[in-house]
Amino acid sequence: MEDFERQLRNALARKQEPPTFEAKVYAAVAAQRSGRGIFWRWATEGAAVVVIASGFWMGYQHENQQRAAGEAAKARLEVALRITVTELSKIQKTVRTSTEDE
Amino acid sequence: MTFAEVLGANQSMVFSLAFHFLRDPGAAEEVAQDVFLRLHQKFDELEGPRHATFWLRKATSRRAIDYVRKRGSRATIALDDIAEPSSAEQPGDPLLNRRLRQLIATLPEKPRMVMVLRYQEDLMPEEISEILEMPVRTVKSHLQRSLAMLREKIDRSLGDIR
């Protein structure tokens, strides 16, 4: 059995890695580092774009709300003016009638 | 301990583990590179050269087994066509060595990795059990069964030659 195990050790003796192996590992490590750098740059730029877009969106929403409030106030004023004009016409008519009677 | 020192001291071990398990020099190189890349990511967590070697054996075993599972039924290189990477010295009968490697390659994944760790790295069953996270008795049982099978097939091959 010992002899057979020695044969197995011979058969499974360590092999030499290819001569370019070490260089390839360092290249892969460098690529991984720069990949991580690119990721963080994209993440930072992406976050900046989101913040700016949010600012624009909030400004747009605020402007819309103000415009809507202005429109509503204008409509209310128009209604009030219309009511006043109607009331004034009624009063004028009453005054004219009473003057003619005298 | 620097990454360069660990790489220099262990690259032959990692490549050989992957090669003897996968029997494909290209795949072995891919697996070994991936293992060292992961080592670089985890380098700060390692406690010393011995821990680094243990970590590398464990990561290589796991990664090589995963590689075979992912490759699945994809066509593999015929065992006779494999170009053997060079080694410092080749003791023993080259034909017998080749035949033994071919037979080991036919073993299922776990017993094959147990054999490679036992006879390439000269590890004891207890150490193999830690690396492969399996009970010591399972390691011993894989070894016994694989040895019996290999002996039987080698004896039969030699009988055919005689």
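A residue is buried if 20 or more other C-beta atoms lie within 10 Å of its own, exposed if 12 or fewer, and partly exposed in between, with C-beta atoms placed from the backbone. This is a predicted model: local features need pLDDT of at least 70, side-chain atom pairs count only at pLDDT 80 or more, and totals for chains, interfaces and linings use all residues. Residues are numbered from 1 along each chain as its sequence is written, while chains are lettered from A and ligands numbered from 1 in the order in which they are written.

**View 1. Chain B has seven helices and zero strands.** Helices (H or I, at least four residues) and strands (E, at least two) are DSSP runs, numbered from the N terminus. Of the 162 residues in chain B, 31% are buried.

**View 2. The largest nonpolar core holds 38 residues.** Such a core is a set of buried Ala, Val, Leu, Ile, Met, Phe, Trp, Tyr and Cys residues joined through C-beta atoms within 7 Å. B:Val14 and B:Val116 are among the residues with the most contacts inside it. α1(B) gives the most, with nine residues. Domain 1 (1–72) and domain 2 (92–162) of chain B both contribute, so the core lies between them; the bounds come from an automatic or database domain assignment.

**View 3. α2(B) packs on α3(B) at about 135°.** Their axes, lines fitted to C-alpha atoms over the stretch in contact, are 9 Å apart. Angles run from 0 to 180 degrees between N-to-C directions. The contact (C-beta atoms, placed from the backbone, within 7 Å) includes B:Val31 of α2(B) and B:Tyr67 of α3(B).

**View 4. B:Val35 touches B:Val14 and B:Leu56, among others.** Residues up to four places away in sequence are not counted.

Notes. Two residues are in contact if their C-beta atoms, placed from the backbone, lie within 7 Å.
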